[in-house]
Amino acid sequence: MTSKTQRKVSVSKIFQTIIHCSLISATSMSKRTRMAEIRFFVDLYAGFLLMGTANEQVVIQSVQIMRILEQLESQGLVNITKEGAQTYYSARSKCFYYLLSELINQNQRKPMEEVVFINYYVTTYRQFFVKQSEALPVAEKNAMLELIQPGRLVNQQIAIMDELIGRIEARIGDYGKIRAFLDKPETAKLSIEDRIKQLPLGPNIPQTYKKSLKDVLLDLPDSLRERELMVGFEQRVQYYYAPYLAAMKSERALLAGLLDKVKLED
């Protein structure tokens, strides 16, 4: 379950999304296309998705585009042909199905800007994908049509976010039990060591890799373990988990708004 909510996203992964969508867009109106047309859409979509990535403009190099095109060619999904000095690229329904699957069928949390972009993109090109699905075998056709169902990606991301929100809320709840234990008058009479030994570490408190959290705390120098006990747990809730939860709920509300819009347009 943990892998579903990991935010394993890098700029290079977003590059792949941009290049895949650019190839679809560039070949959607003709049987073959040049790098110039693919490059146009790459720069256009990069302006959407990489807007807040760095202080300076992030540029996707043509060699990065070529690397993906050559990889797709090796899989039999793209044809690369040369006519004199000009190189042409073409893709067919099987390629569009593969690229669409790569965009949508990944059961992990995506950055909000990527979710909004892919939702916009699939909505914009839905009729194109429907037309392309007609050339596929029945099983792949049905799978492709399922991928472009209105709100599919948004629903998927809401489910992932609901799981994450639940885990954060459970963690905050367990931290609350620690705080309640530490605030008891009888706890104050215990030594720091005994307080650590009696800590009510619920299942949602992060544990260390090889030792229990209690053992790790007991191994710390006195000043460090006292600080962790007296303010560390509380500060993690106040300055990390509570704001993190608020951010997740805000993102979820945005996703729900997108889903409501999809339903109105369906």
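Guide: Let us begin with a term. A pocket is an open set of grid points with protein on both sides within 12 Å along at least five of seven lines. The model before us is predicted, and its largest pocket holds about 200 Å³ of space.

Visitor: Which residues line the largest pocket?

Guide: A lining residue has an atom within 4 Å of a point. The residues that line the largest pocket are Leu164, Arg167, Ile168, Arg171, Pro203, Asn204, Ile205, Pro206, Tyr240, Tyr241 and Tyr244. Helices α8 and α12 (222-265) each supply at least two residues of this lining, and α8 gives the largest share, 4 residues.

Visitor: How do the residues of that lining divide into nonpolar, polar and charged?

Guide: The division is 8 nonpolar, 1 polar and 2 charged. Tyr and Pro count as nonpolar, and Arg as charged.

Visitor: What makes a space a cavity?

Guide: A cavity is a set of points where a 1.4 Å probe fits but cannot get out. A search of the whole structure finds 2 cavities of 30 Å³ or more. About 60 Å³ of space lies in the largest cavity.

Visitor: Which residues line the largest cavity?

Guide: Its lining consists of Ile104, Ile118, Asn119, Val122, Arg126, Leu147, Gln149, Pro150, Gly151, Arg152 and Leu153. The elements that give two or more residues to this lining are α5 (112-124) and α8 (152-183). The largest share, 3 residues, comes from α5. By class, the lining of the largest cavity has 6 nonpolar, 3 polar and 2 charged residues.

Visitor: What makes helix α4 mostly covered?

Guide: In α4, 9 of its 12 residues are buried. They are Ser93, Cys95, Phe96, Tyr97, Leu99, Leu100, Ser101, Leu103 and Ile104.

Visitor: What span is expected of α4, and what span does this helix reach?

Guide: The expected span is 1.5 Å times one less than the number of residues. Helix α4 (residues 93-104) has 12 residues, for which 16 Å is expected, and reaches 16 Å from its first C-alpha to its last; the span is thus close to expectation.

Visitor: Why is glutamine 132 called buried?

Guide: Its relative accessible area is 16%, and because the cut-off is under 20%, glutamine 132 is buried. Glutamine 132 has its place in helix α6 (residues 126-133). Leaving out residues up to four places away in sequence, glutamine 132 touches Arg92, Ser93, Phe96 and Met144.

Visitor: Why is alanine 91 called buried?

Guide: Alanine 91 has a relative accessible area of 6%, and is therefore buried. It lies in strand β2 (residues 86-91). Contact means heavy atoms within 4.5 Å. Neighbours within four places in sequence aside, alanine 91 is in contact with Thr27, Lys31, Leu77, Val78 and Phe96.

Visitor: Why is alanine 26 called buried?

Guide: With a relative accessible area of 8%, alanine 26 is buried on the same cut-off of under 20%. Alanine 26 is found in helix α1 (residues 11-27). Apart from neighbours within four places in sequence, alanine 26 is in contact with Thr33, Glu37, Ile38 and Phe41.

Terms used. Residues numbered from 1 in each chain as written. Predicted model: local features only at pLDDT ≥ 70, side-chain atom pairs only at ≥ 80, totals over all residues. Heavy atoms only, no water. 1 Å grid on protein atoms, 1.4 Å probe; cavity = no way out; pocket = protein on both sides within 12 Å on 5 of 7 lines; lining within 4 Å. Points joined across faces, edges and corners; volume = space filled by probe spheres on them. Buried < 20%, exposed > 50% of the residue type's maximum accessible area, 1.4 Å probe, protein only.
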